[in-house]
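Here are some notes to go with your first look at this one.

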Amino acid sequence: MKTLRIGTGAGFAGDRIEPAVELAQNGNLDYLVFECLAERTIALAQQARMADPNAGYDPLLERRMRAVLPICHRNKTRIISNMGAANPVMAGQRTLEIARELGLTGLRIAVVCGDDVHNQLDANTFTLMETGETLAAFNKPVISANAYLGAGPIVDALANGADIVLTGRVADPAMFLAPQIYEFGWSMDDWQKLGRGTLVGHLLECGGQITGGYFADPGVKDVPDIARLGFPLAEVSENGDAIITKTPGTGGIVSVATCTEQLLYEVHNPACYLQPDVIADFSGVMIKQVAPNRIAITGGSGHARTGTLKVSVGYVDSFIGEGQISYAGVGCVARGRLALDIVRERLKITAVDCQEIRCDLIGLDAVLGAYTGDIATIPEIRARFTARTSSLADAQRIGEEVESLYLNGPAAGGGVTRSARQIVGIVSGLIDETLITPTLTMLEV
Amino acid sequence: MRLHQIAHCRTGDKGNISNISVIAYDNRDFAMLADLLTPAYVKQCLVGIANGAVERYELPQLGALNFVLHNALGGGVTRSLALDAHGKCLASAMLEIEMPGR
């Protein structure tokens, strides 16, 4: 019986590169998948592309490809990634150039497009999940609109002999599901198998989060050699059951606990995980340790897909300005509160238009809400003032007022930092899958 | 007794919705977790965080509950003014919850 070995090379755009290299070297992999496209990343990439038509793909693509291409080429490991972001064609072109520079030959690169639906959306009928209104009524400057493609076009790319598949927006688990469909010959309406393949993808897509990252709680949940956390791989059987593991010698831990946490990560109803290809059902999943760092995953299932694809729309929302300053010792909480009051008053006096204001004392109430304990025992706090504005100039005024507390504010304030940035927001809706036509372009070295 | 003694948690985010899993270290504690951690009790304990509806899903074979907290992320990850816009720290708030009568 055939077993497929699929590894994770990245779980987010900024992820570490050397664990991917290690996995490519020692994982005996059939596939290495790089997931690099968070919800907002593609809108930011689209802005980059508007500024430079050759940009808009993952900024780390070049470094990643240089690091893993020679190894993957030698080991016959195929690469799948959404590093194409807002410009998969240029990502493919750049990868081609890198392969040439590295002296690699006989490489086929597939570029998947068709996720960009910006020009296809009818703003008068496209309804937003978040607000229930149409995109037209929402009335914000739209930057990008991308549909979450399924596994289909990646399967086609693999069937065309692709060694590397570069996409824009596809559902994250679909990048892992596609090689399972292709290698095992699963039917696109075998909902149970598609559900299981999605489960494997869901568990792998965040990389180190299943090998001991986002997990350690010293003394309670200890993770060995965590600075050398290995990236995960799955050994998938033809029926879709899998073993989640990592390569020997790497740091971290793959346990029932890490797998259970990741199973529910960013999941709402576990019986109804909506994907382009299937409604995956994780409600009956069993997680069992079979050896150290080897966890068996069984019991995944699925139901017929909805026939609609989610579309993420990126838009220019607002600007956020922020400033922080520290106070310590006796009375630090009172001085911090005074500092925040002063900034609030100053913004009024100078007529800075703030749509929304948030004041925190970091160390007291910034993360978990109102603090009700004894403030006399607090050794130090950091006052944080942040506000939403409609212009960058107004956003910059927030930090300026915090900085001027050095000379004009409460006693003994120090360590000011400030920032002002444009906020790209995301709203979502659904589009009929029949309106989307993914396209495939093959490049060859 | 705090939840931290018998369970571990992980937070995930989607838009303005946070989900927090609660997983018993020992499956034999699951019945107690399911009994005590009602959506209403969790909403009450996470006042100021769980600003909307709280839903709960059960996976008894894994000793796990999954809480879905609506309107919990300051309007949504991409535009929230919060320091921890993703609500990554919220699992720790859940672990602080006192188990009534235990």
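**Notes on the model**

1. Let's start with Asp353(A), which sits in the loop between H10 and strand S15 (354-362) of chain A. Helices (H or I, at least four residues) and strands (E, at least two) here are DSSP runs, numbered from the N terminus. Bear in mind that this is a predicted model, where local features need pLDDT of at least 70 and side-chain atom pairs count only at pLDDT 80 or more, while totals for chains, interfaces and linings use all residues. Residues are numbered from 1 along each chain as its sequence is written, and chains are lettered from A and ligands numbered from 1 in the order in which they are written.

2. Is Asp353(A) buried or exposed? Asp353(A) counts as exposed because it has 12 C-beta neighbours inside 10 Å. The scale is this: buried if 20 or more other C-beta atoms lie within 10 Å of the residue's own, exposed if 12 or fewer, partly exposed in between, with C-beta atoms placed from the backbone.

3. Leaving aside neighbours within four places in sequence, Asp353(A) is in contact with Thr389(A), Ser390(A) and Asp394(A). Contact is taken as C-beta atoms, placed from the backbone, within 7 Å. Thr389(A) is 36 residues away along the chain, yet its C-alpha atom and that of Asp353(A) are separated by 6.2 Å.

4. Asp394(A) takes us to helix H11, as one of its buried residues; the others are Ala395(A), Arg397(A), Ile398(A), Gly399(A), Glu401(A) and Val402(A). These buried residues pack against strand S14 (308-328), helix H10 (332-349), strand S16 (380-389), helix H12 (405-408) and strand S17 (414-432) of chain A. What about the length of H11 (residues 392-403)? Its 12 residues should span 16 Å at 1.5 Å a residue, and the end C-alpha atoms are 17 Å apart, which agrees. The expected span is 1.5 Å times one less than the number of residues.

5. Strands count as paired if DSSP finds at least two bridges between them. S10 (residues 279-281) and S13 of chain A pair over 3 bridges, and the bridge partner of Ile279(A) in S13(A) is His303(A).

6. Now for the two chains together: 26 residues of chain B are in contact with 36 residues of chain A. On the chain B side, the elements giving two or more residues are strands S1 (7-14), S2 (17-24), S3 (54-59) and S4 (64-69) of chain B. S1(B) gives the largest share, 5 residues.

7. Two backbone angles deserve a look. Most residues other than glycine have a negative phi. Lys76(A), not a glycine, has a positive phi of about 55°; Lys76(A) lies in the loop between helix H3 (61-75) and strand S3 (78-81) of chain A. Asn71(B), also not a glycine, has a positive phi of about 50° and is in the loop between S4 and helix H3 (90-95) of chain B.
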